[in-house]
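Here are my notes on the model, point by point. Please read them with the coordinates open.

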Amino acid sequence: MRMTCLNMIHTLAQRDPRPVFIGSDLSPGLLGAMQKEMPKRYYMEGITEANVIGMAAGMAMDGFMPYVNTIATFITRRCYEQVAVDLCLHNLPVRLIGNGGGLVYAPLGPTHLAIEDIAIMRVLPNMAVVAVCDAEEMVRLMDRTLDWPGPLYIRLAKGGDPVVSDARNGFEIGKAIPMRRAKRGGVSLMATGVMTTNCLAAADILERDGIDASVLHVHTVKPLDEGAVLEQAADARLVVTVEEGVAVGGFGSAVTDLLVERLARSMPPMLRLALPDAFPTKYGVQNDQFQVFGLTPEQIAASVRSALT
Amino acid sequence: MDGQGTDRVAALDQRSIDLRRLIVRGLEGGGRGHIGSSMSLVEILRVLYDDVLRFRPDEPKWPQRDRMILSKGHGCLALYVMLADKGFIPLDTLDTFCRRDSILGGHPEAGKIPGVEASTGALGHGLSVGVGMALAARMQGRDSRVFVVMGDGEINEGSVWEAALSAGKHGLSNLTAIVDYNKIQSAGPTREIQDLEPLLDKWRAFNFAAEEVNGHDVAALRDVMNRLPFDPGRPSAIICHTVKGKGIGFAENDASWHHKAKVGPDMVAQMYAALE
């Protein structure tokens, strides 16, 4: 997913004069073909995240569309004020691409775990927040970024993630995709990023148990596709949000806010599967962490069964 | 140049006095403002707008314009006065400073005020934005120049030095960093709060061609700015030795005049009297 995303920057730059790549201190030779072909639009600026964001803002003010890439924690937490003021206050078309969203960097510990990236990006006015589920969907997202007028945060997954998206569903920023449908009164699973993949597997498990579950892929957490979320929730006997990040302020929080405001007393029961308000203490790999936090397909299915009883 | 840079300051000429009186007009309108931080900036901005910058007040977004970012956004009254003087905004807009529906807030906002390039106020942002603009000009083959005016307290921020690294690396001769070195930040003297010395050497070490000047000497400022870039392959830095509160005798070099929140008629009268 990461290389697909980055290679797309080169592709977009070949067909549009606006894209510029700005990295911090990434792999040697990264996007070497782009650097060779268009050296003036390729910048590797070192470990200066605050500066890189301001620099991207300055370029965007004069007509460019910078794609900025570094590790997700550093592109969100380290330079948060620059993101808020330089990008969001000016509403500039800068794309922030965060490597290792969620629990991807499990072995590297809490300094590298971007578990609150979605929450803290989501609260900034003008910022859009997107987490696609696989590399093929990433291509479709990147195609759409040329038309998005404001700042955009793109959370990257581990890479090599199973492809579950379908080109026939198309892709619009801000438009959720129903990936699996259920009969009226079924369970509504809603997820973002690769949790959609786990939810699809969980829905298969639930089906074997006689529980009908839909899956709504909410790749864009902000702006939230309110229509799609409300439509799914209205028919559901249980709404379940699943995310690879903290519950506080995250995707499930966004869905809950919407349902509370719009459905009031007709709110369906809700289950939010997310990380607790704590720094993770384990290492291992991403899948180990999914297990720690109850986010494997089997655990999601078990949590749903338990909530229904 | 001596550390304070104040000994040889000539008396302010009528234009400098008139511009300061307009700052007082803004303070009166808002009943508040960063007095000391605006007064130290007057000659720097005056020379930039009178003699250096290329701009069109009736076409603020003219692509070929030079860009000026007031990174020390709290000194905005000095900028608003110059924008009014040049016709970007009507003069009486100054009377609305900080009022509910005004375009002139306590820090400048780019989307609201013609001629303001970037919203500033959070310190340490402007130089990076200026680096991006200077690179954009280079990529687009424009000969626009970029000027970023910073405060001395502001350059405590690490992000300024990150930006300086980038500017030096790219050899941005179209970028000039200007420091309003009035030696006093909000909490007290800069040499006590966070000493910047040797400041000229710092900028040179970051690959800037750097010079210092008396920041209230209009002729000296003109001379130094007319020699930009100091080096055809490097960004320039100008350390302007200034006096906090310059022109208001009782406020000069007094940290308590960095900002005043309750500027009443008596205080306004005293400031006007000081500028007679």
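1. Chain A holds an open sheet of five strands in the order 7-9-8-11-12, with mixed pairing. Strands pair if DSSP finds at least two bridges between them. Strands (E, at least two residues) and helices (H or I, at least four) are DSSP runs, numbered from the N terminus. Strand 7 (177-180) and strand 12 (270-275) of chain A are the edges, each pairing on one side only. From one strand to the next, the twist averages 20°. Axes are lines fitted to C-alpha atoms, for helices over the stretch in contact, and angles run from 0 to 180 degrees between N-to-C directions.

2. This is a predicted model: local features need pLDDT of at least 70, side-chain atom pairs count only at pLDDT 80 or more, and totals for chains, interfaces and linings use all residues. Residues are numbered from 1 along each chain as its sequence is written, while chains are lettered from A and ligands numbered from 1 in the order in which they are written.

3. Strand 7 and strand 9 of chain A run antiparallel, joined by three bridges. There, Ile177(A) stands opposite His217(A) of strand 9. Helix 10 of chain A packs on the sheet and touches strands 8, 11 and 12 of chain A. Its direction makes about 145° with that of strand 11 of chain A. Contact means C-beta atoms, placed from the backbone, within 7 Å.

4. Which residues of helix 9 (residues 226-234) of chain A are buried? They are Val229(A), Gln232(A) and Ala233(A). Buried means 20 or more other C-beta atoms within 10 Å of the residue's own, with C-beta atoms placed from the backbone. Seen down the axis of helix 9 of chain A, these residues fall within an arc of 95°, so they line one face. The arc is taken from the directions from the helix axis to the C-beta atoms. Their cover includes strand 8 (187-191) and helix 10 (251-263) of chain A.

5. Strand 1 (residues 19-23) of chain A is mostly covered, with five of its five residues buried. Pro19(A), Phe21(A) and Gly23(A) point one way, Val20(A) and Ile22(A) the other. Strand 1 runs parallel to strand 3 (residues 65-71) of chain A over five bridges. Ile22(A) stands opposite Val68(A) in that strand. Three bridges pair strand 1 with strand 2 (residues 42-44) of chain A, also in the parallel sense. Gly23(A) has Met44(A) as its bridge partner in strand 2.

6. At the interface, 18 residues of chain B are in contact with 21 residues of chain A. Helix 5 of chain B gives the largest share of chain B's side, nine residues.

Terms used
A residue is buried if 20 or more other C-beta atoms lie within 10 Å of its own, exposed if 12 or fewer, and partly exposed in between; C-beta atoms are placed from the backbone. Two residues are in contact if their C-beta atoms, placed from the backbone, lie within 7 Å.
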